[in-house]
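Please examine the sequence and the model below. The paragraphs that follow lead from the overall fold to individual side chains and backbone features.

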Amino acid sequence: MKRIFTISGLVLLCSFFFTYAYAQNTTLKGKVTDATTGESLIGVSVIIKGTTTGTQTDASGAFTLSVSPNATLVVTYIGYAEQQVNVGTASTISIKMLAAASQLQQVIVIGYGTQRKVDNTGSVATVKGADIAKQSSENALASLQGKVAGVSIVNSGSPGASPQVTIRGLGSIEGATNPLYVVDGVWYDDISFLNTADIESVSVLKDASSTAIYGVRAANGVIVITTKRGAKGKPVINYNGYVGWQKATNLVPMADATQYATAINELYTYNNLSPLIFSDPASYGKGTNWYNQILRNALVTNHEVSLNGGTDKYKYNYSFGYLDQDGLVKTNNYQRFTFHMSNDLKITDAVTIGFTATGLSSKSRDIDGGIFHELYGAAPTLPVFYNTGAYGDPNDYHTGDGNNYNPEASIDFFNQHSKNERFTGNVYGEWKIIKDLKFRTSFGGDVGQAELRAYTPVYYATQAQQSTSSSMTVDHTQTRNWIWENTLTYDKQIKDHKITALLGYSAQDYTTFYASGFAKNVPYVASGSIRNSFPDTAQNVLQTVTPDRQPHTRSLSEFGRINYSYKDTYLLNASARYDGSSAFYYGNGDHAFGWFPSVGAGWVVSNEPFMKNQHIFDNLKLRGSWGQVGNANVPINLSNIAVTSDPSYLTAVFGNPQVSYLGKVINTVAPPITVWEKAESTDFGLEAAFLQNKLSFEADYYNRITQNAIFAIPIPASVGAAGSNIEGNQAKIRNRGEEFLLSWKDKPSGDFSYSVSANFGINNNIVLNVQTGQNPIYTGGNGIANGALATRIVEGQPIGEFYGYKVTGVFQTAAQVAASKQPTALPGDFIYQDTNGDGSIDSRDKVVLGNPNPKYNYGINTSFTYKNFDLELDMQGVAGVDIYNANIAYRYGNENFTQDFFDHRWHGPGTSNTYPSVNVGSNANAAPNSFYVESGAYFRLRNAQLGYTFDAKSLARYGIKKLRVFANAQNALNIFGYKGFNPEVGSADGSVGNRGIDANVYPLYATYNFGVNVTF
C-alpha cells in the first residue's frame, strides 16, 4: 500500500510539474515568406534554439509552436540565409527569409548532410527544385543547362533519352565521363526515373574538397539531389500540368527533285558513267520533301499530382506523374509513369525513421537509329507511293545502293518497342544519442528491368526493303543494386569554435543480368519472358537464349570528415575515404583498396574586425582546396587473359584411326593489372557580395589531373593477338579552367522584383602523358568513308581533337591538277596543303583541324515579378568548340545534297574555290579535312515562361489556395552558324573518340506549351 501511495505521489508531482511548465509556455503562430518575392515558403525548419523541439511550415508557410517567453527560434531553409529570431512575448510572428545566392549564411546540401555556405570550403552550386520544375523539361538534367558554371550538357532530343553531362571537362577516355548522382543518399548513374516536380534541390559538387567524401566514384563530379518531403499541416494537394507541341527548327534545306537530278547527272558525267539516270531533270519539279513526309509537330503532355502534409510526429509526401511525348518522327512515342513517396515518423524526440520510394514504368515505340540519315540522303525524285498504292521503289529510278530505301517504308515496317520498369528508394533511421551526437543508418536500392522487343514481319515494300520470313528479337536486362550506409555525426559549438565531425561506413553491391533471344518464322508476341515469347511449334526456328551474368561488383568503404570554424572567419575542412572494390581484386588484393583524401581552408575576410567599418563588401571570402578522387566506372577484368578455340585453324589430327582434336590458344595481350583512374585537383575560390547583398560574385580557378587513365593503344600484328590494341592505365589528362558567377537581385517596389544572374566557365583540356608519346591514337570513325578516322589522342593536345588535311582550294582545270602535288586528282577535287613541303600529299601533311571539347560555357538567367505576373528568361550557349559535319560526305552512291552544297558546288572552272564537285563522296574528297570542320558555337533562348497567379482571396470560396497559369517556350530562338541540323553534338555511341562528329544527329526542336499550377 505504501508503494502505491509513493507511486501516486510521484505521478501527481510530475503532473503538477509538467502542468506548471506548460502553463509558462505560449502558443506561437507564425508565417515564413521570401523577403524579396513575398512567396510563402513550405517546409522551413523552425527549431527552438538549444533544444530538439521544432516544426516545419505548411503549404501556406505557416507554423504553430509552443514556446517559452524570450525563446530564440533558429530558422533554416535550403537556399536561404539562416535566421535566429527572438520571440519575446509575441503570440504571432512574421519571418522574412533572404534568398540571395551569394549569402554566406545560406544553407546548402553537401555529401552526407547540409552546411552553411559560410562553412563550405569547396566549389558547390545549388539550384532550387522550383527553378528546375518551371522549365517544363521531361528530364531534370536538361533543366540544369546554362544554370551552373563549368557544367556542360548535351541533349539528345530523342524522347526518353538522357542528356550527356560533363563537369569541368573530360577526364577519362575509356571510362565513364558522367557524374555520380546521389538521390536521397542512394547512388545512381542516371536520374531518368525522377520526375522534375519531385525535386526539392540540386547541388553540384565540382571540386575534390566537396566530392572526396564519395571517393572512387567522384572523379567526374557529384550531383546531389534531395527530393520533396512532407511538411506539418493539413493535407495539401498540388496539380502541375502542361500540354504543348514540339516543332523541328533549323531543318537543313535539301536539294529538290530537279536540282537532285541535275547533280546526279553531273556525278555520272564526272565519273564517266553512262547513260545518265535522268534524261529531263526539270520534269521532276520539286519532288518529295522527305522531312515534311516523315516528321511532324509532336504532341507532349505532362501531369503531376501530389499530396503533402503531416503533424509534429508524422509527415508524408506522395506524388504521381504521367508523361506522354511524341517524337518528331511520326511513329515515335514515349510514355512514362512515375510515383514518389516519402514518410517521416518521429517515434520519440530522439528517434526518427522514414523512407523514400520512387517508381518508374515507361514504354516507347522506337525508331530506326538511321532514319535521320535516310531522310538526309533519300532521293526527292522518289514518290512516297505510286498511284497503285505501292511504295515508291528507288530501283525503278536506278539511283543505286547509297539511297536504296524509301523512308516511309522504313518507319512503317520498323516494329521495335522498349519497356523499362524501375523501383528505387531507401529506408532510414536516425537516433539523436545526445544533444550533439547523431547516428543515422540508411539502406537503399535500385531494382530495374528493361526490355527491347523487335519484330520483322513478312513484307514487301521495295526490292531492297522486304523480308521473306518473320523474325523476333527479345532482350532483357535486369539490375539489382543496393547500398547500406551508417554515419555518426558530432556537431558542437563552444563559444567561437564550431566543429562538425562525420564518420561513416558503406557497403554496396551492383549486379546486372542480361539475356537475349532470337527466332525466325514466329508470330509477333507483344509481351512475356524470353522463353514464352517463342512458341515451340514455330517452323525453322533458330532460337538462342543466352543468359549472361555481367560482372558482379561489391565495394566496402570507410570515410570521415571534419569541419572546423572559428568565429565564422577561419575555416578548415578535411575528409578521407578508404574504398575497396571487388572489380580490382587481383591476387592478394593489394590493388583493391585506395585512399581518397582532401583538405580545404577558407577565410571569411568580411568577418574580421578591421572590416567592420568598411562599406564596400557585405561578404568577402577566400577559399582553397586540394583532394584526390577516383573513377571506378571503367573497363574491368582487363588483366584476364582469354583462351579461345577455333576449329578452322586449331584442329590437329592424330592416331590410327585418325581422330581430330581441337586445340586452344591465348590470343589476347593483357596488362599485368589495371586499377581505377584517380583525379587530383586543386581549387581556389573567391566569394563576395555588395550593396546590401543585392550584387554577388563568385570566381573559381581549378586544376584537375587524371592519372592512370584507361584506354587502348595499338600493338604490332606480329604479337599474334586477335585484337590490334591493348587496354590499360596508360595516360594522364589535365583539365584546367576558371568559372565566374555574377548575380543581382532587387525589389525596387512592393509590386516589382527581379533578379539577373550570369555564369561563365572556361575549360582547357589536354593529354599530358600517354604511353605512345607523340605517336597518336586515331579514333572517331563514325560516318567517315572507307574506315578513315577523324579524331586522335596524342600527348600535348586535347582529347579527341579533329585531325586531317587542310583544304586550300579546289582544282579548277586538268592543267592545274597536272602541275600540282596531287596528280591523281580531278577538277573539282579539294586541294590539300603540303604541310611538310616534301612535294607530295600523304598522311604526314595532316594538321589539327579543331577541338570538340567546348572551351566556353555560359548562361544568363533572369526572373521578373510584377504584381501577379511573373516572367523568366533563361539563355545559354557555348563557344570555342568545333563540329565535324560528316553528313556531307557520308555517301555510298547517289544520296541527296543539301541546298547549300548544291548552290555552292564546283561545277566548272571558276564556279567555286571552296566547295568541291558533286564527287564529294570519293575517297580523296571524303578524307577527313578542314572543309567538314565548322564552329559549334551557339546562343540559345533556352527557356521563356510567362505566368499569372490569380488572387488567393477570390479563389478561397472554391477551396483553391493558389492558381497559376503559364505559357512556356523552349529553344524558341537559336543563333549559330553551323550548317548542320543542330550544333549540340555529343557522341553517337557514347565514346570519347566520336564526340563532336555529326553523322546522324536528332534535329533541333522548339517546345511550346501551356500549363497550370493549382494548390488545394
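How many positive and negative side chains does the protein have, and how far apart do the centres of the two sets lie? There are 76 positive and 80 negative side chains, with 11 Å between the two centres. In this count Lys and Arg are positive and Asp and Glu negative, while His and the chain ends are not counted; each charge is placed at NZ of Lys, CZ of Arg, CG of Asp or CD of Glu.

The model is a predicted one, in which local features need pLDDT of at least 70 and side-chain atom pairs count only at pLDDT 80 or more, whereas totals for chains, interfaces and linings use all residues. Residues are numbered from 1 along each chain as its sequence is written, and side-chain values use heavy atoms, with hydrogens and water left out.

The protein contains 12 helices and 54 strands, assigned as DSSP runs (H or I, at least four residues, for helices; E, at least two, for strands) and numbered from the N terminus. Its radius of gyration is 32 Å, close to the 31 Å that the globule rule gives for 1016 residues, so the protein is as compact as a globular protein of that length. This radius is taken over C-alpha atoms, and the rule is 2.2 Å times the number of residues to the power 0.38. The C-alpha trace spans about 115 × 80 × 70 Å along the principal axes.

Of the 1016 residues, 52% count as buried; the classes are buried under 20% relative accessible area, exposed over 50% and partly exposed in between, with a 1.4 Å probe and protein chains only. Among contacts (heavy atoms within 4.5 Å) between residues at least 6 apart in sequence, 69% join residues at least 24 apart.

The structure holds 33 salt bridges, each defined as a side-chain nitrogen of Lys or Arg within 4 Å of a carboxyl oxygen of Asp or Glu. One of them pairs lysine 492 with aspartate 436, whose closest N and O atoms are 3.1 Å apart. Lysine 492 belongs to strand S26 (residues 471-494) and aspartate 436 to the loop between strands S22 (415-434) and S23 (437-456), so the pair ties together parts that are 56 residues apart in sequence. Lysine 492 is partly exposed at 26% relative accessibility, whereas aspartate 436 is buried at 16%.

Another salt bridge links arginine 577 and aspartate 579, with 3.0 Å between the closest N and O atoms. Arginine 577 is buried, at 0% relative accessible area, and aspartate 579 is buried at 3%. Arginine 940 and glutamate 984 also form a salt bridge, at 2.8 Å from N to O. Because arginine 940 lies in strand S51 (residues 938-949) and glutamate 984 in the loop between strands S52 (962-976) and S53 (997-998), this pair ties together parts that are 44 residues apart in sequence. Both arginine 940 and glutamate 984 are buried. Salt bridges with shared partners also join Arg168, Lys206, Arg623, Asp683, Glu687, Asp700 and Glu739 into one network.

Backbone geometry comes last. Most residues other than glycine have a negative phi, and most peptide bonds are trans. Serine 274 and proline 275 are joined by a cis peptide bond, with omega about -5°; proline 275 lies in the loop between helix H5 (257-270) and helix H6 (290-294). Histidine 398 has a positive phi, near 55°, and is exposed at 59% relative accessibility. Glutamine 692 has a positive phi near 55° and lies in the loop between strand S37 (677-690) and strand S38 (695-714).
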